[in-house]
Amino acid sequence: MTKKLILALTSRTGLIAMSVLFALLMLQGAWDILEDIRAIDVHQHAMEEILEGLGTILVAYGVALEERETLLKFLGVYPDALTPQQARVDHHCHGYGLSLLLLGLFAEVSVYLIRMPDINTADFDPALIVFATLLCLVGAVHLGKLSWLLWRDPELATTTA
């Protein structure tokens with residue numbers, strides 16, 4: 001039962017579903033921030049909270065993707081369930097996971113630069129918020145690209161056709 005659940009969550013379909021969900025969250029958060037960007041002085045704290053949350057999601061999901069292969073080995077799913085298809089999924093997850101991890105970290109760093117008590121960044125706050133928002137949008141694009149790769153991988157498509 002546990003191996004089946006793990007395989008379902010880490011399967012192509014499970015990864016596509018989570019990636020699309022997180023991409024939609026990134027887009028929603030960016031929309032909320034950019035919609036109120038003209039009144040940043042009123043909404044700055046809420047924007048920071050949104051960006052911190054989105055950055056954390058990117059970091060956490062990035063780590064999970066990047067270490068998918070290691071996790072499946074640790075949990076005893078691999079080597080028995082390691083197929084060429086799973087190896088390709090691991091390959092895609094590793095690269096995109098690392099990029100999501102870095103995008104999320106830099107988004108969080110932008111927020112922490114604003115919040116650091118001994119650094120006066122008031123003049124740069126709007127730029128840092130926009131920068132972190134753009135990083136989240138790039139994260140959404142990467143999540144979309146990963147979903148597309150997992151969905152349309154030529155080797156995977158020929159094995160299911």
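**Ground rules.** I noted that residues are numbered from 1 along each chain as its sequence is written, and that side-chain values use heavy atoms, with hydrogens and water left out. Since this is a predicted model, local features need pLDDT of at least 70 and side-chain atom pairs count only at pLDDT 80 or more, while totals for chains, interfaces and linings use all residues.

**The chain as a whole.** I looked up the elements and found seven helices and zero strands, where helices (H or I, at least four residues) and strands (E, at least two) are DSSP runs numbered from the N terminus. The C-alpha atoms fill a box of roughly 55 × 30 × 25 Å along the principal axes. Of the 161 residues, 41% are buried; buried means under 20% relative accessible area, exposed means over 50%, and partly exposed lies in between, with a 1.4 Å probe and protein chains only. I also noted that, among contacts (heavy atoms within 4.5 Å) between residues at least 6 apart in sequence, 81% join residues at least 24 apart.

**Helices α1 and α2.** I turned next to helix α1 (residues 2-10) and α2, which pack at an angle of about 50° with their axes 4 Å apart. That angle makes α1 oblique to α2, on a scale where angles under 35 degrees count as roughly parallel, over 145 as roughly antiparallel, 65 to 115 as roughly perpendicular and the rest as oblique. The axes are lines fitted to C-alpha atoms, for helices over the stretch in contact, and angles run from 0 to 180 degrees between N-to-C directions. On the α1 side I listed Ala 8, Leu 9 and Thr 10, which meet Arg 12, Gly 14, Leu 15 and Met 18 in α2. I then checked the length of α2, whose 24 residues reach 34 Å from first C-alpha to last, close to the 34 Å expected at 1.5 Å a residue; the expected span is 1.5 Å times one less than the number of residues.

**Ile 16.** Within helix α2 (residues 12-35) I picked out Ile 16, which is buried, with a relative accessible area of 14%. Leaving aside neighbours within four places in sequence, Ile 16 is in contact with Ser 147, Leu 150 and Trp 151.

**Lys 3.** In helix α1 I looked at Lys 3, which counts as partly exposed at 43% relative accessibility. Not counting residues up to four places away in sequence, Lys 3 touches Leu 75, Gly 76 and Val 77. The C-alpha atoms of Lys 3 and Leu 72 are separated by 9.3 Å, although the two residues are 69 apart along the chain.

**Helices α5 and α6.** I looked up a second pair, helix α5 (residues 84-115) and helix α6 (residues 125-152), whose axes come within 9 Å and cross at roughly 170°. That makes α5 roughly antiparallel to α6. The residues of this contact divide into 20 nonpolar, five polar and two charged, with Ala, Val, Leu, Ile, Met, Phe, Trp, Tyr, Cys and Pro counted as nonpolar, Asp, Glu, Lys and Arg as charged, and the others, Gly among them, as polar.

**Asp 90.** My last entry concerns Asp 90 in helix α5, which is buried, with a relative accessible area of 6%. Not counting residues up to four places away in sequence, Asp 90 touches Arg 68, Glu 69, Tyr 78 and Leu 82.
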